[in-house]
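Dear colleague,

Please find below the structure that I am handing over to you. My notes on it follow directly after.

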Amino acid sequence: MSSIIPQISVGLSIASILLLIALGLAIIYGTMGVINLAHGEFVMLGAYAVWFLQTFLGIGLIAGLVLVFLLVGFVGWLVELTLIRRLYDRPLDTILATWGVGVILQQAVRLGAGAELRYVKMPDFLVNPVHVMGYEESAYRIFIFVLAVALLLATYFLIFRTEFGLRLRAVTQNRDIARCFGINAARIYSLTFAYGAGLAGVAGALVSPLKSVSPDMGTNYVVDAFMVVVVGGVQSLLGTVASSYLIGQANGVLAFLSNDTMAKAVVFLGMVVLIRLFPQGLFAMRLRRS
Amino acid sequence: MAGERILELQDIAVEFSGFKAVSGLNLGIDRGELRCLIGPNGAGKTTALDVICGKVKPSAGRITLKGQDVTRLPEYKLARRGVGRKFQVPSVFRQLSVRDNLEVAYCKHLGVFGNLLGFKRGAENDGLEKLAELVGLEEVLDQPAGYLSHGQTQWLEIALLLAQDSEVILLDEPTAGMTAQETMHTAKIFNALRGRHTLLVVEHDMAFVREISDVITVMHQGRVLAEGRAAEVQKDPAVREAYLGSGGIADA
Amino acid sequence: MTRNRDAILRLVGYALFCAAILVVPLFVDNGYLLNKFARYLVFGILSLALSLSWGYAGILNLGQAVGFGLGSYCMAMALKLRTIPIQTGAGGLPDFMVWNNVQALPWFWVPFHSYAFAIAAGMAVPAVVAFLIGWFVFPARVSGVYVAIITLAMLVVINLVIIDQQPYTGGFNGITDLTTLKLFGIEFDAYSDATYYLAAITLSLCLFLGLAFVNSKTGLILQAIRDDETRVWYFGYNVAAYQNFVFCLSAAIAGFAGMLYTLVMEFASPTFLAVPISLSIVIWCAVGGRASLVGAALGAIVVTGVQGSLSDTPAFLDTWMLIMGGLFIVIVLFLPNGLISLIDLALGKRRRGRAATAAASVVAIERSESSRRQSAAR
C-alpha cells in the first residue's frame, strides 16, 4: 500500500503535463478539425525557450512562464496565419503541413541550438521535497499539478464565460452561420491555435527540469497527447481531463510494474481496443451523423 | 398488386442525446408500391429513411424487411438485402468518372478478393451505358463526377440506385434543385420503376408527389399523422393544422 | 477514345521507366554506385506501397516504416543465424545475445533458420500487424485523421519496444555483421549487379501488378472509398474489409522492401522503423504524386538521389531535412497531386479550357454543399 501512494502522485504529475499538451490539441482539433502534428515541437520550443532564458538572460523558470506562453503562442499564431488557414477543407493535408512545420522547427532548433542535450534548473525553492499527509512529496510535482489545474480552470473560464468563448463555440458549431452573424472566424481560429500552442509551450517549460531537453523530445509527448484525445473524445473538456488522468495513471503504474516502454505499449494497445468499442471516445454525446 | 408487405416499421423511436426525432412510428409498405412521405420541416422524414437504411439505429421498435427482423443490421448488410438510398445532399464520387461511379454502384460481387480479378469494361458495360442514356448523362460518361452540375449530380445518384438495382429504394428529396422539366422526367422514371421496385420518396414538391404517388404518408412531430390518397390527405383537418403557418400543404 | 489513349500512354510511360532502371548496370560498373542506386529503388518500392493505401484509398499511414522495419529484421535474423561461427557465439547464438547473457535461442528466432520461412515472414509479419490494427480501427469508422495518428503511435511504440528488447533484437545497434544471401545459386552481395537487378525487377513487378490492382474493381471501389467512404457502405460493400485489405497489402510490400534493404545495407536497425524514415516516405510520395504509382516511386528516387548526390555529412543532413520540410509544405499547399501531375497538366492542355470552367463550378457546388451539410447536421 505504501508504495502505491507515491506511484499515484507520479501518475498525477504525468497526467498534469499530458493534460496541458492534450488540452491545446483537443481545443484545436475540436474547434478547427485540424490535427496539429507540430504540437510536440511546440512543447519542445517551450522547453528550449526556458533553457534560453535561463542560460543567456538569467530569467528563472517561473518568471519566464508567461514569456514562454506568449512566445510559443506567437509561433502558433504565425503557423495558423501562413499555413493552416489555406487548408481548412483538407483535414488530411493539415496533418501533412503541420508535420512539415514540425520538421522545420525541429531542424531549425537542431541547427541553431545544437543537437546535444540541454538541462534546465528547477526553481530553488521547489527542489526540496515537502511533507503532505505523512508522505514525502516533490514540491515541483505539486507545483506542476497546481499550475495544470489553474490553467484548466482558466481555459474553462475562457470558453464558457467570456465573449471570446461564446464566439469560439459558435464557430465550432457552424462556421458559416457564425460568419453570417459577423463573427470573424479566421481571427477566432488563429487565436485558438495560438492559445493551444501556448499551452503546449508551458507544458514544455514545465517538463524541462524533469527530463533533458533535445530537439526531438516532442514526438513522444505528442503521441501520448493524441492518445488522450482519441480516448477522451473532443466534445468535452471533461473528457480530456478524465482521459489525461486515466492515461497518466496507467503510464505511471505500468511503468512502475515494468518500464516506460512497456507501459506505453500497453496503453497503446488499450487505446486501439477502446477505439473499436467507443469510436467517438469515452465521453462523447450521441450526435446525428451527417 | 396484392399487398405483400415488403417493409414494416413498428413503434420506432429515435433519440439524439435526449431529443426525440421520431417516436412511435408505424409504417408499412407493400411490394411494388410507390409511397411518398411528406410533412413539415422537422417531422422526422429523413430520420425515418435513416432508420430504414441503417444509418441510424432506433432506440426502440422493430423493422421487418421481407418478413425478417433487420432492426440491428448494419447499413451494408441492409444494402445487400436490397435497400438502396439516395441522400438529400447528392453524394456521388466526385473524383471518379461518371462511368466509374456507375461501375461502383453495379455491385453484384461485393467481396474484396472476388473483385480483385474483375476488371472494368466487362459485358455489363453496355447496361451501364444504357442507364447513363436513360438519365441523360451519356455525353459525360468519362468526365469526373465533380464536374457535373447540381441537377446532373442528382441524376447521377438516381442512376447509381438503378445500377445498384435494389428492391427497396429510398429517396430523399430527389428533385431538389431540378427544373420543372427535369422534375417531370424524374416522375416518368419513377412511374416506370414502380412494380418492379418498391420506392419510398421524401418530397416537398406537391405537384411531383401528386404525379407519382398512390398513397401519401404525412408525418408530423416524429409520428404518422395521416395516410391516404393525395386528395384525402389534403382535406384532413389534422394535416391542415400541422401545416398551419408554413403556408399550407399545396406549396409546402 | 481519349480514355484508351491515356491508358496506353500510361503503360508506355511505365514500361519506359522500368526499362530505364533495368539497363542501369550496363552503364555503371561501380559497385558502390550500384549499391546506392539499389537503395533508391528500394525506397521507390516503399513509396509505391504508401501510394496504394494513401493515394488510392485515402488511408494516410504515417507508420509505413513499421512494415519496412519488420521486413528488414526478418531478413536480418535469417542472415544472422547463418553467420556461424565467425560472428556468432557458442551453440549458434548470435553474438549480441551472448553479450546480453541470453542462454538459448528464443523461440521466435528458431524458424528463421529457414530462408523460405524468413522471406514469407518478411511479408506476413508486417501484414499481420497491419491486419490487427486495421481490424480494430477500420470498423470503428473513425475519421481519416484518427487513422493517421494511430498509425503514428503504432510506429513510435513498436520502435521503442524493439530498442527496449535488446537481448532479442540487438536494441539500438540492431542486427549487424550479416552473411550474404545465397539463393538459387546466386549470391546477393550488397555491391553486386544481382542485388541491383533484384531491386529493379521487384520495383518493375510492383509497378505493373500495382497498376493491374488499381484498375481492378477492388481498386475502383477503394478509390470510391477515398472519395466518399460513407456512401460506399450503402452499396453493400464492407468498406472496412476493403480498407484493411489495402492496408495489409501495402504493409506486405513495405516488408518486402525492408528485406531488400537489409541486403543492400547489410544490417537491420531500429532507425529503419523510426519516425524520420516514415516521414520521409510520406514526403517522397507527396512530392512524386500520391495518386500515381510511378509518381510515388519516382518521388522517392529523385528526392533520395538528389540528397545522396549532394552530401552525407550530419550537418548537411540537418539542413537537408529543413529544406525537405519546406518543400513538403509547398507541395501540399500548391501541388497536392505531386510533380507527376505536371505531366498530366502538360498532356491535358487541350482539355484544360473545359476543365477550368468545370472546376470552378465544382468549387461552387462544394461550397453550397458544405453549408448544406452543416445545416443538415443540426
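At what angle do helix 11 of chain A and helix 5 of chain C pack, and how far apart are their axes? The angle is about 35°, and the axes are 7 Å apart; axes are lines fitted to C-alpha atoms, for helices over the stretch in contact, and angles run from 0 to 180 degrees between N-to-C directions. Helices (H or I, at least four residues) and strands (E, at least two) are DSSP runs, numbered from the N terminus.

This is a predicted model, in which local features need pLDDT of at least 70 and side-chain atom pairs count only at pLDDT 80 or more, while totals for chains, interfaces and linings use all residues. Residues are numbered from 1 along each chain as its sequence is written, and chains are lettered from A and ligands numbered from 1 in the order in which they are written.

Chains A and C

In the packing described above, A:Val272, A:Val273, A:Ile275 and A:Arg276 of helix 11 of chain A meet C:Ile133, C:Phe136 and C:Val137 of helix 5 of chain C. The residues of this contact comprise six nonpolar, no polar and one charged. Here Ala, Val, Leu, Ile, Met, Phe, Trp, Tyr, Cys and Pro count as nonpolar, Asp, Glu, Lys and Arg as charged, and the others, Gly among them, as polar.

Across the two chains, 38 residues of chain A are in contact with 42 residues of chain C (C-beta atoms, placed from the backbone, within 7 Å). Helix 4 (91-113) of chain A gives the most to the side of chain A that touches chain C, with 15 residues. That side divides into 23 nonpolar, eight polar and seven charged residues.

Helix 9 of chain A

Of the 15 residues of helix 9 of chain A, 14 are buried (20 or more other C-beta atoms within 10 Å of the residue's own; exposed means 12 or fewer, and partly exposed in between). Just after this helix, A:Gly233 takes a positive phi of about 80°.

Within chain C

Helix 8 (residues 193-215) and helix 11 (residues 239-265) of chain C pack at about 165°, with their axes 10 Å apart. Helix 8 of chain C is therefore roughly antiparallel to helix 11 of chain C (a term for angles over 145 degrees). Among the residues that make the contact are C:Leu198 and C:Phe256. The contact residues divide into eight nonpolar, two polar and no charged.

Chain B

Chain B has 10 helices and 10 strands, and buried residues make up 48% of its 252 residues.

With kind regards

Definitions and conventions:
Parallel < 35°, antiparallel > 145°, perpendicular 65-115°, else oblique.
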